[in-house]
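Dear colleague,

Please find below the structure that I am handing over to you. My notes on it follow directly after.

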Amino acid sequence: MDPQRAKFLLQGGPPRAGDREDPAFVEALAEAEADPALGDWTRRQQHLTDALAGKLNEIAVPAYLKNHLLAGGFVSQRTHRFRRRSWLAAAASLAILVGLATWQWISTPVVQPIGFAALRADLCDFLAGDFQLEVQSPLLERLQEHLGAEHQFTNYAVPAALAGQRGVGCRMIDWQGRQVALICFTSNGQLVHFFITPRSTWPDEELPLAYTHEQVEEWATAGWVDDLNVYLVATRGTPDMLASLL
Amino acid sequence: MASPEVELVVEEHYQKLFRFAMSLVNNASVAADLTQQTFYIYASKRGQIRDASRTKAWLFTTLHREFIALKRKETRHPEYELMLVEDDLPSIAPEALRNLDVKLVLRALEELDERFRVPLALYHLDDLSYREIAELLEVPIGTVMSRLARGREHLFRRLHPEVVSQHTNIISLPTPVAALS
């Protein structure tokens, strides 16, 4: 085998154990041993491979993950949501067909929510699924400690009415590339979900102007903004029920 | 609680799977979700894996599929013509690479096209062979070789300025003037 052909075979990185018996690699490695320049090049590739492998194996694994997995926390909300949406998409396609047949009777355009409204709609959709929490604890301090240690999420204010309630758990959610922290509480047997996302990632025009209440299907929600964050509280029930919890 | 069999598999593979997910998405929450989803599927379908030695490859394949599903876009695997990567690659010393912050490496990896990112992560994270990666991605082995070569080329090109900048941050002490005798 000529050196160019050997280099061609080895350019992606040295063959692993499972490839070393492949006759083409055997020949290429023999050529690398016989040709000093190719040998130097191959050794350099090996060193780079080792360095990159070492670097990728430095990726920190969250401390909570193992216990969470061993506790049976396998159900991923995210994927379920997408699967659910694929069913929704199928249902939507059917609805479009029906809609086309009744086109003349339907004149109201469908408006897709954007900005805070989209966040609110998606988070209610999230809550409706079978989501998991990263840690569970009745202590708010423990939950805040987790968000700080695992996600560097520390700069936010918890409403006094919620801070006095019993904690359930917390997790981080990725929403359109933005960090959204979720802390869950129980109050009088009612689950209350408190979301926080940094304001700096939002253009002003997409934020709620003031404290807003909105009923999203079975979810009563309240949203507001301070200098640092955008907040959303949601509970299954009516606006009056939510108001009594806050 | 997970069954003892599932527990063993979690113990053995969760770190590698999480790191693979991180190298794909560079987001700890999403990576944790992908890892959880992979074990969820494993827990419900493990009876389908007849050869236990294939468990690792099965888990990586599943996580990769979930990643594709997550992105909700059609992923095509066009065949790449095998070409020899040019020799004018930026020179990166392995020592310099070892000293880089892992976040910089992840960011550079994130900028790569997914076709290159996935085989690079599989090859470097878990010592998977060309053949195993080819089976996992359902592409010919030559395509894996090509993507790995191109992926390394692109990655090192992206990391080169970081390495240079790291070196320029080192301020050399002035050379002492030799005492005249």
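B:H13 lies in helix 1 of chain B, the element that covers residues 4–25. This is a predicted model, and the values below were computed from it. The relative accessible area of B:H13 is 9%, so the residue counts as buried, the cut-off being under 20%. Leaving aside residues up to four places away in sequence, B:H13 is in contact with B:F39, B:K56 and B:L59.

As for chain B as a whole, its secondary structure consists of eight helices and zero strands. Read from the N terminus, the order of elements is therefore α-α-α-α-α-α-α-α. The chain has 181 residues, of which 49% are buried. Among contacts in chain B with a separation of 6 or more, 74% join residues 24 or more positions apart.

Chain A calls for a word on confidence. Its mean pLDDT is 80, and 82% of its residues reach 70 or more. Two stretches should be noted. In residues 74–88 of chain A, pLDDT stays under 50, although the model has 44 contacts for this stretch beyond four places in sequence. In residues 102–111 of chain A, pLDDT is also below 50, and the model gives this stretch one contact beyond near neighbours in sequence. Where pLDDT is low, the predicted coordinates should not be read in detail.

With kind regards

Technical notes: Residues numbered from 1 in each chain as written. Chains lettered and ligands numbered in written order. Predicted model: local features only at pLDDT ≥ 70, side-chain atom pairs only at ≥ 80, totals over all residues. Heavy atoms only, no water. pLDDT = per-residue confidence, 0-100. Contact = heavy atoms within 4.5 Å. Helix = DSSP H or I, 4+ residues; strand = E, 2+ residues; numbered from the N terminus. Buried < 20%, exposed > 50% of the residue type's maximum accessible area, 1.4 Å probe, protein only.
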